[in-house]
Amino acid sequence: MKYIELCLGEIRPESRETYIDIVNRLQAAGAEAVIEGCTEITLLLKQEHVTVPLFDTTLIHTEAAVDEALSSI
């Protein structure tokens, strides 16, 4: 998988399968959740692809920023 693929919005099935395999191995090793700490990862990996909970840090930060902005109105 090449980083440039994701930057161009190109989602290849083999790249997605690589990430699914990584998450499955992490879960087998005891991971209870996975943090999607890179914005490009969320292009490849969706909750429907794995059984372990995923945490999209971009979404989490965005929701917190909106909550903060709205609380000061």
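This is a predicted model: local features need pLDDT of at least 70, side-chain atom pairs count only at pLDDT 80 or more; totals for chains, interfaces and linings use all residues.
**Overall form**

The secondary structure of the protein consists of four helices and two strands. Read from the N terminus, the order of these elements is α-α-β-α-β-α. Along the principal axes, the C-alpha atoms occupy a box of roughly 45 × 35 × 15 Å. The radius of gyration of the protein is 15 Å, whereas a compact globule of 73 residues would have a value near 11 Å. Of the 73 residues, 23% are buried. The accessible surface amounts to about 5200 Å², and carbon and sulfur atoms account for 59% of that area. Where contacts join residues at least 6 apart in sequence, 41% of them link residues at least 24 apart.

In soluble globular proteins, nonpolar side chains tend to be buried together. In this model the largest nonpolar core has 11 residues: L6, Y19, I20, V23, V34, I41, L44, L45, V50, V52 and L54. Two or more of these residues come from each of the helices α2 (13–28) and α3 (41–44). The largest share is that of α2, which gives three residues.

I41 is one of the core residues. Beyond its neighbours within four places in sequence, I41 is in contact with Y19 and E36. Y19 is also part of the core.

**Two residues compared with the burial cut-offs**

T57 belongs to helix α4, which covers residues 57–71. The relative accessible area of T57 is 19%, so T57 counts as buried, the limit being under 20%. Setting aside residues within four places in sequence, T57 is in contact with I35, E36 and G37. For E36 there is also a polar atom pair: its backbone oxygen lies 3.0 Å from a polar atom of the T57 side chain.

Q47 sits in the loop between α3 and β2 (54–56). Its relative accessibility is 38%, and therefore Q47 is classed as partly exposed, a class that lies between the 20% and 50% limits. Apart from residues up to four places away in sequence, Q47 touches V52, P53 and L54. Of these, V52 and L54 are members of the largest nonpolar core.

| Residue | Relative accessible area | Class |
|---|---|---|
| T57 | 19% | buried |
| Q47 | 38% | partly exposed |

Technical notes
Residues are numbered from 1 along each chain as its sequence is written. Side-chain values use heavy atoms; hydrogens and water are left out. A nonpolar core is a set of buried Ala, Val, Leu, Ile, Met, Phe, Trp, Tyr and Cys residues joined through side-chain atoms within 4.5 Å. Buried means under 20% relative accessible area, exposed over 50%, partly exposed in between (1.4 Å probe, protein chains only). Contact means heavy atoms within 4.5 Å. A polar contact is a pair of N or O atoms within 3.5 Å; within protein, one must be able to donate a hydrogen and the other to accept it, and residues adjacent in sequence count only if both atoms are side-chain atoms. The radius of gyration is taken over C-alpha atoms; the globule rule is 2.2 Å times the number of residues to the power 0.38. Accessible areas come from the Shrake-Rupley method with a 1.4 Å probe; for residues, only the protein chains shown count as cover.
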